[in-house]
Amino acid sequence: MAGPGRDRVLASGMRLFGERGYAATTVAMIEADAGLTPGAGGLYAHFPSKEAVLRVGLEAILQPEAELPLLGPPDGDAAEAGGEPTLIVRLEAVARAGLARLEHDRDFNRILIRDLRNLPDLLQLTADREIRPLHTRLAAELAAAAPSRVGDATALAAVLIGAISHLWLMTDVFGSHPAGVSAEDYVSMVVRCAAALLDPEET
């Protein structure tokens, strides 16, 4: 049954799974974090198991109709802000939105990397609802932005998503990229490389 107690248990579970790992998080820990008596079984009033907490939390994040803001149309003069070519401005907006989204869903991303290999149906759900739709849409928008390079769009979309995900992961693990590259310079280089492939005349 939905309610504030259930919501607290779900929020606590997902946060602890992200911070500590699914296997290392006990039911008692979730109960204590949610303001329940640890070890008294209060979690089971809302969920049949610890795994059910994870499943419901992931289902809530992995909505099939989730908003995926990507390149979008050029915005006239605003797209030329700072004298940058329109394509670079748009690609940079995508990269920054991607980083922001990864950070917003930090606990989910940590769970994905660390725990979902052992839960193959949830791993598949993530691929079906998150990774493939994002990749498909970005590839289509890249192809539309540079029709002459449509053959490169599918691979380039995967490379861009991978590059931005790598930056987020390194920052989450180390606090900053261990190579000493700033996030600003990293994003700029990724964007410029992509723009150079898509439209060399704009770079």
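**Notebook: around helix α6**

I began with α6 and looked up its partners: the buried residues of α6 pack against α3 (50–61), α4, α5, α7 and α8. For my own reference, buried means under 20% relative accessible area, exposed over 50% and partly exposed in between, with a 1.4 Å probe and protein chains only. Contact means heavy atoms within 4.5 Å. Helices (H or I, at least four residues) and strands (E, at least two) are DSSP runs, numbered from the N terminus.

A note on the source: this is a predicted model, in which local features need pLDDT of at least 70 and side-chain atom pairs count only at pLDDT 80 or more, while totals for chains, interfaces and linings use all residues. Residues are numbered from 1 along each chain as its sequence is written, and side-chain values use heavy atoms, with hydrogens and water left out.

**Overall make-up**

I counted eight helices and zero strands in the protein. Of its 203 residues, 39% are buried. I also checked contacts with a separation of 6 or more: residues 24 or more positions apart account for 62% of them.

**More on α6**

Which residues of α6 are buried? I listed Leu 122, Leu 125, Thr 126, Ala 127, Glu 130, Leu 134, His 135, Leu 138, Ala 139, Glu 141, Leu 142 and Ala 143.

I then checked the length. The expected span of a helix is 1.5 Å times one less than its number of residues. The 26 residues of α6 should therefore span 38 Å, and the end C-alpha atoms are 36 Å apart, which agrees.

**Helix pairs**

Two packed helices are described by the angle between their axes and the distance between the axes. Axes here are lines fitted to C-alpha atoms, for helices over the stretch in contact, and angles run from 0 to 180 degrees between N-to-C directions. Angles under 35 degrees count as roughly parallel, over 145 as roughly antiparallel, 65 to 115 as roughly perpendicular and the rest as oblique.

For α4 and α6, I found axes that come within 12 Å and cross at roughly 170°, so the two helices are roughly antiparallel. On the α4 side the contact is made by Leu 87, Leu 91, Val 94 and Arg 101, and on the α6 side by Glu 130, Leu 134, Leu 138, Leu 142 and Ala 145.

For α5 and α7, the axes come within 12 Å and cross at roughly 95°, which makes α5 roughly perpendicular to α7. Arg 106, Asn 109, Arg 110 and Ile 113 of α5 meet Trp 168, Leu 169 and Asp 172 of α7.

I took a further look at Asn 109, in helix α5 (residues 106–114). Buried or exposed? Asn 109 counts as buried, because its relative accessibility is 8%. Leaving aside neighbours within four places in sequence, Asn 109 is in contact with Leu 102 and Trp 168.

**Cores**

A nonpolar core is a set of buried Ala, Val, Leu, Ile, Met, Phe, Trp, Tyr and Cys residues joined through side-chain atoms within 4.5 Å. In the largest one, with 27 residues, Leu 91, Leu 142, Leu 160 and Leu 198 touch the most other members. α4 (86–104), α6 (120–145), α7 (153–174) and α8 (183–198) each give two or more residues to this core, and α7 gives the most, with eight. I noted a second, separate core of 22 residues that includes Leu 43, Phe 47, Ala 52 and Ile 111.
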